[in-house]
Amino acid sequence: MIAEPDGIAKVRIVKAPEMGFLERIYLVEVLKGLLVTSRHFFINLWRHMKKALGRETEPGAVTIQYPEDPAVVARRSRTHHRLLRREDGAPRCAACMLCETICPAKCIRIVAEESPDVMIEKRAKSFEIDLGRCVFCGFCVEACPVDAIRMDTGRVEMAAFWRTDMARDITQLLGERPRQ
Ligand code: SF4
Ligand code: SF4
């Protein structure tokens, strides 16, 4: 989808490249794949053997026994979202809709309502993020003018039986904690 200056989105159809004879018989491509896999296997085997012999080496790849052995997520990774509260406990979100507008996956849905606090114009009546569609770009965090949304929970698990279970509502988002 391409956004044109007139604001009308146009669809460009890209044709898949034609496969050559060698690609169509698959055998050569299968052998190429096996070659890549074997290369990685022997490089890793060599590194692990060197390490076992007490020699300095680059670390070899290891298999993580996930989920029993949880993967370590880098501290700066963008992980599940959370909504922050003000000092009085009220959600910080001012329902300005900037995050919903900038979201490239269109997976944020906010319904605004009037705030009972006279100093604040609006608040979010409902706030939903569909993690099944989110591309974890972090634009929503960047766009928020009041630092109401962050992606610092350290949680990356997304498994669900149903797509609808991947959506997070305002209560769930406010209940999330930052990673320790
Ligand atoms: S991380 Fe990106 S895709 Fe996900 S909700 Fe935020 S803006 Fe949308
Ligand atoms: S950008 Fe921030 S304040 Fe605005 S709707 Fe999103 S979370 Fe709320």
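Reader: How many helices and strands does the protein chain have?

Author: This is a predicted model, where local features need pLDDT of at least 70, side-chain atom pairs count only at pLDDT 80 or more, and totals for chains, interfaces and linings use all residues. Residues are numbered from 1 along each chain as its sequence is written, while chains are lettered from A and ligands numbered from 1 in the order in which they are written. Helices (H or I, at least four residues) and strands (E, at least two) are DSSP runs, numbered from the N terminus. The protein chain has five helices and seven strands.

Reader: What radius of gyration does the protein chain have?

Author: The C-alpha atoms fill a box of roughly 70 × 50 × 30 Å along the principal axes. The radius is taken over C-alpha atoms, and the globule rule is 2.2 Å times the number of residues to the power 0.38. For a compact globule of 180 residues that would be near 16 Å, but the protein chain has 24 Å.

Reader: What is the strand order in the open sheet of three strands?

Author: Two strands pair if DSSP finds at least two bridges between them. Strand 5 and strand 7 pair in the antiparallel sense over two bridges. There, Ile 129 stands opposite Arg 168 in strand 7. The pairing in the sheet is antiparallel, and the order is 4-5-7.

Reader: Which residues are closest to ligand 2?

Author: A residue is near a molecule if its C-beta atom, placed from the backbone, lies within 6 Å of it. The shell divides into 13 nonpolar, no polar and no charged residues. Nonpolar means Ala, Val, Leu, Ile, Met, Phe, Trp, Tyr, Cys and Pro; charged means Asp, Glu, Lys and Arg; the others, Gly among them, are polar. The closest are Cys 93, Cys 96, Leu 98, Cys 99 and Cys 144.

Reader: Which residues come nearest to ligand 1?

Author: By class, this shell has twelve nonpolar, one polar and no charged residues. Of the 13 residues around ligand 1, the nearest are Cys 103, Cys 134, Cys 137, Phe 139 and Cys 140.
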